[in-house]
Amino acid sequence: MNGKEKRPVQKSRTKRGEGNPGSGPVGIIGGSGLYQMEGLTIEEERVVETPWGVSSDPYLIGKVGTLPVVFLSRHGKGHRYLPSEINYRANLAGLKSLGVSRVLSVSAVGSLKEEIAPGDMVLVDDFIDLTRQRPMSFYGNGAVGHTPYGRPVCSDLFEAFSGACEHLGLPTHRGGTYICMEGPAFSTRAESRLYRQWGADVIGMTNGTEARLAREIGLCYATLALATDYDCWHPDHDMVTVADVIRIMNQNVRRANTILLDALERIPSVRKCHCADAPKSALITDPARIPQKTREKLSFLGLEPNPS
Ligand SMILES: CSC[C@H]1O[C@H](OP(=O)(O)O)[C@H](O)[C@@H]1O
Ligand SMILES: Nc1ncnc2[nH]cnc12
């Protein structure tokens, strides 16, 4: 194949139960404005059937340099899913079945602080979850689990993002609390002011759900939040619009992509964090009493309980 010919992208479908859980490719979930990744050589587009259905889009499986990467567009290409409609469980279960153990997320957020200006990066280190109409757990149906979640962001991935932003000399806020609202409408001013009183830094509609589910299944997860607007608390910007968000995102999407490429290189080859341990202590149900169907679902996630 000469350099000018485009390698054909294979299309395939994984049936339930196939896959290769464990460490492996890095997963990247792109949010509003980031529907593909520059620098990723795509070798395959794969649809994975999980017990929770299929992901927002086919997974783009390939390499960045020599590093294996799986990219997923959170809202699907063309931005087809509302934050409440995204099948977060399928998205994450599919990534895990493809051998992903680390997930880097990129998201557009509104700023709740004067010092976080549109265009700034925020490395989120905590969440407040205000969502109310989306599945929040892989547990249930006869398997009760309570996952430790006190530190929701993976320290390895946080440092990888932080190192990349520092290296690139970008305006970055190291740490910040992300309010995850249901949407899809943006907040009212009273809500926005309340979140500021709570000490939150940024607001979005997706990452709280993703982070919690990732932790349930032992995936490392961190967010690069790109401030696209001042949320409506701001006296000069009392109306957030999609046009404003997308304009700022488009101005910064190259930057976000560059940060991702740099951060990928900084992820330690051996996990030093404790994210993978979270599921080990979660289950309270007597494994012998877990129904077979539920057991199969847990098994898809690599979490099949041992009978005591
Ligand atoms: C397009 S404005 C609101 C939309 O943007 C954010 O999406 P994502 O987190 O996927 O970047 C926000 O959460 C809303 O879904
Ligand atoms: N102000 C805002 N509120 C919620 N989600 C957002 N995504 C980007 N800006 C946002």
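This is a predicted model: local features need pLDDT of at least 70, side-chain atom pairs count only at pLDDT 80 or more; totals for chains, interfaces and linings use all residues.
Strand β6, which covers residues 102–111, is joined to β12 by 10 bridges, and the two run parallel. Within this pairing, G110 has D229 of β12 as its bridge partner. Strand β7, formed by residues 121–123, is linked to β12 by three bridges, and here the strands run antiparallel. One of the residues involved is M121, whose bridge partner in β12 is L226.

The residue T131 lies in the loop that connects β8 (126–129) with α2 (155–168). Its relative accessibility is 16%, and because buried means under 20% relative accessible area, T131 counts as buried. A polar contact of 2.7 Å is made between the side chain of T131 and the side chain of D129. When neighbours within four places in sequence are set aside, T131 is in contact with M136, C180, M181, E182 and T209.

The residue H75 is located in another loop, between β5 (67–73) and α1 (88–97). With a relative accessible area of 4%, H75 is likewise buried. Residues up to four places away in sequence being excluded, H75 touches G31, S32 and S56, together with R80, Y81, P83, I86 and T206.

Definitions and conventions. Residues are numbered from 1 along each chain as its sequence is written. Chains are lettered from A and ligands numbered from 1 in the order in which they are written. Side-chain values use heavy atoms; hydrogens and water are left out. Two strands pair if DSSP finds at least two bridges between them. Helices (H or I, at least four residues) and strands (E, at least two) are DSSP runs, numbered from the N terminus. Buried means under 20% relative accessible area, exposed over 50%, partly exposed in between (1.4 Å probe, protein chains only). A polar contact is a pair of N or O atoms within 3.5 Å; within protein, one must be able to donate a hydrogen and the other to accept it, and residues adjacent in sequence count only if both atoms are side-chain atoms. Contact means heavy atoms within 4.5 Å.
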